[in-house]
Amino acid sequence: MSSPVQASLHQVAERPARDKLAGLHRLLGSMGSALVAFSGGADSAFLAFMAHQALGDQALAVTADSASLARSELRDAAGFAARFGLRHQVVPTSELEDEAYLRNSGDRCYFCKSALMRALEAISSQTAGATEILVGVNTDDLGDYRPGQQAVRERGGRWPLVEVGLSKAEIRWLSRELGLPTWDKPAAACLSSRIAYGVPVTPAALRRIETSETALKEMGLAGRVRVRDQGNDLARIEVDLDCLGLVMERRRDVVAALKNAGFVFVTLDLEGYQQGSHNLTLRRRPLPPPRAHAADDEHNAGRIVIPDREGGQLHEG
């Protein structure tokens with residue numbers, strides 16, 4: 001049985017994907033220098049690799065490090081950079097010092113990406129000439145509620161993958177063609193995304209989520225594995241549908257591992273993995289008002305409007 005990632009690649013048309021790859025190389029090559037926000041995931045790894053191909057040492061891959069980044073992701077990013085000869089820098093970010101981020105309202109990601117952009121801007125200010133700040137957003141990401149996208153736009157960051165029209169499936173297909181090990185890497189959003197909106201983000205909460213997910217993977221659970229913190233010490237496990245049986249087979253081990261990590265109640269979501277499942281609750285509550293960076297001339301500049309699955313609209317940011 002093919003994985004969801006492998007199945008998505010069958011839909012990719014080779015010629016258009018290769019044309020977009022050539023367009024991306026030209027676009028990146030037209031920049032004097034670039035900083036790439038590099039988390040180590042499929043999109044950012046592909047973008048960092050392509051920036052290195054187009055710009056050489058004028059491209060710098062920057063990994064933002066905080067308690068919300070799993071240690072395994074940090075190791076993966078460093079390993080990828082070393083393998084392909086990318087200039088790579090790890091910088092600490094300060095989102096866990098921001099009360100607005102810690103309270104974990106629906107716009108939490110806005111403050112996270114703002115902290116990321118500040119870190120990248122600090123590096124950019126030390127370089128000579130104009131340096132583009134690049135973020136690995138793809139065209140599929142525009143159809144989800146992601147407040148962080150507005151923070152990037154407000155501060156002048158660019159989405160080269162969107163500019164040339166690359167979808168997630170195309171990025172994975174091209175990554176496989178280029179020999180990048182990240183082509184089939186499961187999505188891995190930051191650990192804070194596992195915490196239900198309204199439940200405060202704390203270093204301790206992030207640690208027990210990471211410990212729990214690591215334990216599940218060590219039990220043989222492959223693909224997309226999430227331990228969602230629903231508050232009140234309740235964990236909600238999401239895995240790909242074909243892994244539900246394994247969770248039940250290892251039920252006692254699963255419960256013991258999550259309780260050892262600090263949870264009291266352990267549940268399994270029978271719908272399986274859903275990307276950004278906490279966002280489903282936002283449809284039942286008002287979204288936070290749009291935010292504007294001080295440099296914007298208009299309060300709503302760069303606001304993104306995206307359709308939800310029911311045909312209504314969500315306003316990002």
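**Entry 1: the crossovers.** I began with strand β2, helix α4 (residues 71-84) and strand β3, and I recorded that they form a right-handed β-α-β unit. Right-handed here means that, with the strands pointing away from the viewer, the path from the first strand over the helix to the second runs clockwise. I also noted that β1, helix α3 (residues 42-55) and β2 make a right-handed β-α-β unit. Helices (H or I, at least four residues) and strands (E, at least two) are DSSP runs, numbered from the N terminus.

**Entry 2: the source.** The model is predicted; local features need pLDDT of at least 70, side-chain atom pairs count only at pLDDT 80 or more, and totals for chains, interfaces and linings use all residues. Residues are numbered from 1 along each chain as its sequence is written, and side-chain values use heavy atoms, with hydrogens and water left out.

**Entry 3: strand β2.** I looked up the pairing of β2, where two strands pair if DSSP finds at least two bridges between them. Strand β1 (residues 34-37) runs parallel to β2 and is joined to it by four bridges; Leu-35 has Leu-60 of β2 as its bridge partner. With β3 (residues 88-92), β2 pairs in the parallel sense over five bridges, and Val-62 stands opposite Gln-89 of β3. I then checked the cover of β2 (residues 59-65): five of its seven residues are buried, that is, under 20% relative accessible area, whereas exposed means over 50% (1.4 Å probe, protein chains only).

**Entry 4: helix α2.** Which residues of α2 are buried? I found Ala-17, Leu-21, Gly-23, Leu-24, Leu-27 and Leu-28. They lie on the same side of α2 because they cover an arc of only 165 degrees around the axis, taken from the directions from the helix axis to the C-beta atoms. The face turned away from this buried side carries the exposed Arg-15 and Arg-26. Among the elements covering the buried residues of α2 are α3 and α9 (168-177).

**Entry 5: the cores.** A nonpolar core is a set of buried Ala, Val, Leu, Ile, Met, Phe, Trp, Tyr and Cys residues joined through side-chain atoms within 4.5 Å. The largest has 37 residues, and Leu-24, Leu-28 and Leu-166 are among those with the most contacts inside it. I noted that α3 gives the most to this core, with eight residues. Apart from it lies another core of 32 residues, including Ala-100 and Leu-206.

Note on methods
Contact = heavy atoms within 4.5 Å.
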